[in-house]
Amino acid sequence: MDTSNTAIYCPLCGADNHCAVARGGDIGDCWCASTPIDRAALAAVPPAARGTSCLCPACGRGSETAGNQHCGDRNEG
Ligand SMILES: [Zn+2]
């Protein structure tokens, strides 16, 4: 269990983000290559985490998932 590689964790919920690139794979192997990312979810990523960690599939898909408490408060205005 490698906890030093924070790039493999979702910045919103802390779950495994299943990012292929963070694991040394190719972008074409990543789920994000075939799944549209919800803009609201992207906007909720803390600036410090942008460009360093990918969202997990559940967060990336956005409001389709059951409830929005998965990733805490959403400050959309
Ligand atoms: Zn997540």
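These legends accompany several close-up views of one predicted protein model.

**Before you start.** Residues are numbered from 1 along each chain, following the sequence as written. Because this is a predicted model, local features need pLDDT of at least 70 and side-chain atom pairs count only at pLDDT 80 or more, while totals for chains, interfaces and linings use all residues.

View 1. Mean pLDDT, the predictor's confidence in each residue on a scale from 0 to 100, is 82 for the protein, and 77% of residues reach 70 or more. Take some care with residues 65-72, where pLDDT stays under 50. The model has eleven contacts beyond four places in sequence for this stretch, a contact being two residues whose C-beta atoms, placed from the backbone, lie within 7 Å. Where pLDDT is low, the predicted coordinates should not be read in detail. Among contacts between residues at least 6 apart in sequence, 53% join residues at least 24 apart.

View 2. Of the 77 residues, 18% count as buried. Buried means that 20 or more other C-beta atoms lie within 10 Å of a residue's own, exposed means 12 or fewer, and partly exposed is in between, with C-beta atoms placed from the backbone. A nonpolar core is a set of buried Ala, Val, Leu, Ile, Met, Phe, Trp, Tyr and Cys residues joined through C-beta atoms within 7 Å. The largest one here has nine residues: C10, L12, C19, A41, A44, C54, L55, C56 and C59. In soluble globular proteins, nonpolar side chains tend to be buried together. Leaving aside neighbours within four places in sequence, C10 is in contact with A15, N17, S53, L55, C56 and C59.

**View 3. V45, in the loop between the helices.** Look for V45 in the loop between α1 and α2 (57-60). V45 counts as partly exposed because it has 19 C-beta neighbours inside 10 Å. Not counting residues up to four places away in sequence, V45 touches P11, L12 and R50. The C-alpha atoms of V45 and C10 are separated by 9.2 Å, although the two residues are 35 apart along the chain.

View 4. The phi angle of H18 is near 55 degrees, a positive value in a residue other than glycine. H18 is partly exposed, with 18 other C-beta atoms within 10 Å, and C30 counts as partly exposed with 19. C-alpha to C-alpha, C30 and H18 are 7.4 Å apart in space and twelve residues apart in sequence. C30 also touches C19, A20 and V21, not counting residues up to four places away.

**View 5. P57 in helix α2.** P57 lies in helix α2 and is partly exposed, with 19 other C-beta atoms within 10 Å. Beyond residues up to four places away in sequence, P57 touches H18, W31 and T35. Between P57 and W31, 26 residues apart along the chain, the C-alpha separation is 7.3 Å.

**View 6. N5, an exposed residue.** N5 lies in the segment before α1 and is exposed because it has 10 other C-beta atoms within 10 Å. N5 and R23 are 9.1 Å apart, C-alpha to C-alpha, and 18 residues apart in sequence.

Terms used. Helices (H or I, at least four residues) and strands (E, at least two) are DSSP runs, numbered from the N terminus.
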